[in-house]
Amino acid sequence: MKKQVVIVGGGPAGALLLHILHRAGIDAIVLERQTREYVLGRIRAGVLEWGTVELLRRHGLGARMDEVGTPKDTINIAWKGSELLSVDTHELLGKRMMVYGQTMIQEDLYAASDEAGTHLVFEAEDVALHDIDTDSPWITYQHDGTEVRIDCDYVAGCDGFHGASRPTIPASIRREMIKEYPFGWLGVMAETPPLPMLMYANHERGFALCSSRNANLARLYVQCPLDDTVDDWSDDRFWDELFARIPPEQAAQITPQPTIEKSIAPLRSFVSEPMSHGRLFLAGDAAHIVPPTGAKGLNLAVSDVHYLSESLIAAFNGNPSGLERYSEIALRRVWGAVRFSWWLTGLLHRFPDQTDFDQRAQEQELLYITGSEAAQRSLSEQYVGLPFEDVVTA
Ligand code: FAS
Ligand code: PHB
């Protein structure tokens, strides 16, 4: 089989890249290890930068998002049990965010693939990348017990943190930087009207976050010890802890209901440089991981795909400048989001070795942001997302 682009991984990065390349007339294929149902069963991100919203609309993927998504004008941070910092990004910058779950974006992407008849292979096992540092890379994989070979011009590694693509870049070239945080997030879904605002909380008992998926589906998180499991968290314990960490005024607006999903995710920051080698280009979690505090993971996957799709389209039209600059341009945005997520994680969480001094210093920074429009502008422009750079040059 011959394809112009082979995309390894059918999560948001891979499926979005397939969609955009197909609309540009480029013959691509996605090789996804899991079943369609498994991928659609994952519950992850919820907040979209406005650049992501506009990109999805531009590529014909915005209809359901605009119908059921919830635009948000403010970022809210509760602290000291009763204080509330509310930053109006729309008033400050004319930009807002959209709350629309990653699961729904994945459904929209797969529906678009079905409609366009693009090539999305599920249960592709043992994907292996070959000769990526030549002009003739090729891919092999197992499907229904048969080995398949695909010769291609380019390979997009969109296979997440545990994928096969990143390790194909020689260790002598790869520079991996990681920061592990000493806590995790317990996330739950509950069929109850969510808090109208998106609200983070700094509390001496630990971090909390109130988000949503629709008018009757609350998405809620509390910081928990790394070695906890969901079995350590009954519904009663979860609700008691959430209401202990957020102000009474907001707690009174949420009616506890049985949780319908409960999971714990560790927090870490990770970047692998460079994001390209020969004819292989990494996008999304395959190249970087951020703690979910800044709601950047999914948005970075989208911005990588924006840069990579623009670069591939230009390359197939005779202009390789984007592919030559892709890693540099993408990493500039990645490190901007990685640093912001690291800063916000440090500001909002209770670290195991934290002292009263540390807690007061966090509270003082939140008080400063409350009183400084400049600080609120800085927080806003990083949270809603900085403008994309031009990756292709004449
Ligand atoms: P993904 O990991 O989503 O997709 C990679 C795909 O490649 C998967 O479908 C996988 O099955 C497939 N794959 C892997 N190895 C393969 C192989 N060898 N061959 C073929 N296919 C292979 N981000 C936020 O912004 N907010 C959040 O609240 C948030 N919560 C998260 C919770 C969890 C538990 C996790 C793991 C991540 C969370 N994220 C969050 C980040 C998340 O949204 C990612 O940034 C996003 O899924 C990135 O998309 P992809 O790069 O496509 O990677
Ligand atoms: C979510 O809605 O799942 C969500 C919102 C904001 C975050 C992380 C997750 O920072």
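## Ligand 1: the shell

The shell around ligand 1 is made up of 14 nonpolar, 8 polar and 7 charged residues. This is a predicted model. The shell counts 29 residues, and the nearest are Glu32, Arg42, Arg44, Gln102 and Asp285.

Several polar contacts reach oxygen atoms of the ligand. Glutamate 32 places a polar side-chain atom 2.7 Å from an oxygen atom of ligand 1. Arginine 42 also uses its side chain: a polar atom there lies 2.6 Å from an oxygen atom of ligand 1. Alanine 13 works through its backbone, with an N or O atom 3.0 Å from an oxygen atom of ligand 1. How much of the ligand does the protein bury? Ligand 1 exposes 1000 Å² when taken alone, and the protein buries 85% of that. Two elements give two or more residues each to this shell: α1 (12-23) and α9 (297-316).

## Ligand 2: the shell

Ligand 2 has 13 residues around it. Tyr200, Ser211, Arg213, Tyr221 and Pro292 come nearest. By class, the shell around ligand 2 splits into 7 nonpolar, 3 polar and 3 charged residues.

Which side chains place a polar atom by an oxygen atom of this ligand? Serine 211 does, at 2.6 Å. Tyrosine 200 has a side-chain N or O atom 2.7 Å from an oxygen atom of ligand 2. Arginine 213 brings a polar side-chain atom to 2.8 Å from an oxygen atom of ligand 2. Taken alone, ligand 2 exposes 280 Å², of which the protein buries 97%. The elements that supply two or more residues to its shell are β14 and β15 (217-224). β14 has the largest share, with 3 residues.

## The open sheet

β14 and β15 also belong to an open sheet of 8 strands. The order is β6-β5-β13-β14-β15-β12-β16-β19. Pairing in this sheet is mixed. Which strands form the edges? They are β6 (83-88) and β19 (288-289), and each pairs on one side only.

Inside the sheet, β13 (residues 199-202) and β14 (residues 208-214) run antiparallel. They are joined by 3 bridges. Methionine 199 stands opposite cysteine 210 of β14.

β9 (residues 125-130) pairs with β10 (residues 138-143) in the antiparallel sense, over 4 bridges. Histidine 130 has tryptophan 138 in β10 as its bridge partner.

β10 then pairs with β11 (residues 146-157), again antiparallel. This pairing has 6 bridges. Histidine 143 stands opposite threonine 146 in β11. β10 and β11 form a hairpin with 2 residues between them. Which residue in the turn has a positive phi? Aspartate 144 does, with a phi of about 55 degrees.

## The second largest pocket

The second largest pocket holds about 290 Å³ of space. Its lining has 19 residues. His19, Gly60, Leu61, Ala112 and Glu115 lie nearest the centre. Sorted by class, the lining has 9 nonpolar, 6 polar and 4 charged residues.

Which elements supply at least two residues of the lining? They are α1, α4 (63-68) and α6 (102-116). α6 gives the largest share, at 7 residues. α1 also gives two or more residues to the shell around ligand 1.

## The cavity

How many cavities of 30 Å³ or more does the structure hold? It holds 1. The largest cavity has a volume of about 40 Å³. Its lining is Pro12, Val39, Arg42, Arg44, Gln102, Thr103 and Gln106. These residues divide into 2 nonpolar, 3 polar and 2 charged. α6 gives the most to this lining, with 3 residues.

The lining can be set beside the ligand 1 shell. Arg42, Arg44 and Gln102 line the cavity, and Arg42, Arg44 and Gln102 are also among the residues nearest ligand 1. Arginine 42 has a polar side-chain atom 2.6 Å from an oxygen atom of that ligand.

Note on methods: Residues are numbered from 1 along each chain as its sequence is written. Chains are lettered from A and ligands numbered from 1 in the order in which they are written. This is a predicted model: local features need pLDDT of at least 70, side-chain atom pairs count only at pLDDT 80 or more; totals for chains, interfaces and linings use all residues. Side-chain values use heavy atoms; hydrogens and water are left out. A residue is near a molecule or strand if one of its heavy atoms lies within 4 Å of it. A polar contact is a pair of N or O atoms within 3.5 Å; within protein, one must be able to donate a hydrogen and the other to accept it, and residues adjacent in sequence count only if both atoms are side-chain atoms. Accessible areas come from the Shrake-Rupley method with a 1.4 Å probe; for residues, only the protein chains shown count as cover. Ala, Val, Leu, Ile, Met, Phe, Trp, Tyr, Cys and Pro count as nonpolar, Asp, Glu, Lys and Arg as charged, and the others, Gly among them, as polar. On a 1 Å grid over the protein atoms alone, a cavity is a set of points where a 1.4 Å probe fits but cannot get out, and a pocket is an open set with protein on both sides within 12 Å along at least five of seven lines; lining residues have an atom within 4 Å of a point. Grid points are joined across faces, edges and corners, and a volume is the space filled by probe spheres set on the points. Two strands pair if DSSP finds at least two bridges between them.
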